[in-house]
Amino acid sequence: MKIVAVCGAGIGTSVLLKMNAEKVLRTLGLTATVEATDIDTARNSRDAQILLATPEIVDKLRGLPSEVIAIEQVFDLAEITEKLSKAML
Amino acid sequence: MSLLDSALGAGSILLNQKATDWESAVRLAGSALESSGRTTAAYTDAMVQTIHDLGAYVVIAPGLAMPHARPSEAVLETGMSLVTLAEPVVFGHAKNDPVSVVFSLAALDHDKHLELLSEFAARFGQENFVNTLLTCSTEGEIRALLS
């Protein structure tokens, strides 16, 4: 399973999302590779099962073969836990 | 010294500033990155442009914005700047407006700042950290809080 966190530049919001997603996966006992990247790279690589992004970015990820999950609050581990476990379990 | 503390170079912390709108707040944070020697003016323009293009997604938590742009020649050294606002400004975010703390980020590449962001996440993942930060009235208090 490959999860990619996406933001405009691939260095800020996406990295925070990736870190918190990894934390959640550890707690849930799930294994997946999590990467952080920018919108263009995510659109071109198309190899993730799940894309994580904030709602503003989700619109830019339409039409890709991945499940796109909108995370409203990057620091809200409960929200990430709920949405990731729904997608993965 | 924490990574956060060293990411904030001399001149990178501006407290109790006045900004008329989100763009002037981001430009203040950009000028603080410039004056601390981490970026050129082109990086400030790029941070503003990113928000024009993609919206207010840099408002990552209630009251907190982390403007940033892609690594480029405009980044001289990885660093951050911190601006606190006397009056909060609206960025246009659905949930996290208005913003009182602007913590800009400049990264040389995609890897070297990961531990720095990990420290950042550990601090701002704490409940009410933005409010705690806003109670600081001197740079020394801010640096102590982030160390």
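Biologist: Which does Val102(B) count as, buried or exposed?

Modeller: Val102(B) counts as buried, because it has 29 C-beta neighbours inside 10 Å. The cut-offs are simple: 20 or more other C-beta atoms within 10 Å is buried, 12 or fewer is exposed, and in between is partly exposed, with C-beta atoms placed from the backbone. Bear in mind that this is a predicted model, where local features need pLDDT of at least 70 and side-chain atom pairs count only at pLDDT 80 or more, while totals for chains, interfaces and linings use all residues. Residues are numbered from 1 along each chain as its sequence is written, with chains lettered from A and ligands numbered from 1 in the order in which they are written.

Biologist: Where is Val102(B) found, and with what is it in contact?

Modeller: Val102(B) sits in strand 5 (residues 99-106) of chain B. Helices (H or I, at least four residues) and strands (E, at least two) are DSSP runs, numbered from the N terminus. Setting aside neighbours within four places in sequence, Val102(B) is in contact (C-beta atoms, placed from the backbone, within 7 Å) with Ala25(B), Val26(B), Ala29(B), Ala65(B), Pro67(B) and Val83(B). Take Val83(B): it is 19 residues away in sequence, yet 5.1 Å away in space, C-alpha to C-alpha.

Biologist: Now the backbone. Which residues does a cis peptide bond join?

Modeller: Asp97(B) and Pro98(B), with omega about -15 degrees. You'll find Pro98(B) in the loop between strand 4 (79-89) and strand 5 of chain B.

Biologist: And which residue other than glycine has a phi near 50 degrees?

Modeller: That's Arg46(A), and the value is positive. Arg46(A) lies in the loop between helix 2 (39-45) and strand 3 of chain A, and it is exposed because 11 other C-beta atoms are within 10 Å. In chain B, look at Asn16(B): its phi is positive too, about 55 degrees, although it is not a glycine. Asn16(B) belongs to strand 1 (residues 8-17) of chain B and, with 12 C-beta neighbours inside 10 Å, counts as exposed.

Biologist: How do I read two packed helices?

Modeller: You describe them by the angle between their axes and the distance between the axes. Axes are lines fitted to C-alpha atoms, for helices over the stretch in contact, and angles run from 0 to 180 degrees between N-to-C directions. Here, helix 1 (residues 13-28) and helix 4 (residues 77-88) of chain A have axes that come within 9 Å and cross at roughly 65 degrees. Helix 1 brings Asn20(A), Ala21(A), Lys23(A), Val24(A) and Leu28(A) to this contact, and helix 4 brings Leu77(A), Ile80(A), Thr81(A), Leu84(A) and Ser85(A).

Biologist: How does helix 1 of chain A cross helix 4 of chain B?

Modeller: Those axes come within 10 Å, at roughly 70 degrees, and helix 4 of chain B is residues 114-124. Val15(A), Leu16(A), Met19(A) and Asn20(A) meet Leu114(B), Leu117(B), Ser118(B) and Ala121(B) there.

Biologist: What covers the buried residues of helix 1 of chain A?

Modeller: The cover draws on both chains, including strand 1 (2-7) and helix 4 of chain A, together with strand 2 (59-61) and helix 4 of chain B. Among the buried residues of helix 1 are Leu17(A), Lys18(A) and Leu25(A). After the helix comes Gly29(A), with a positive phi near 75 degrees.

Conventions
Two residues are in contact if their C-beta atoms, placed from the backbone, lie within 7 Å.
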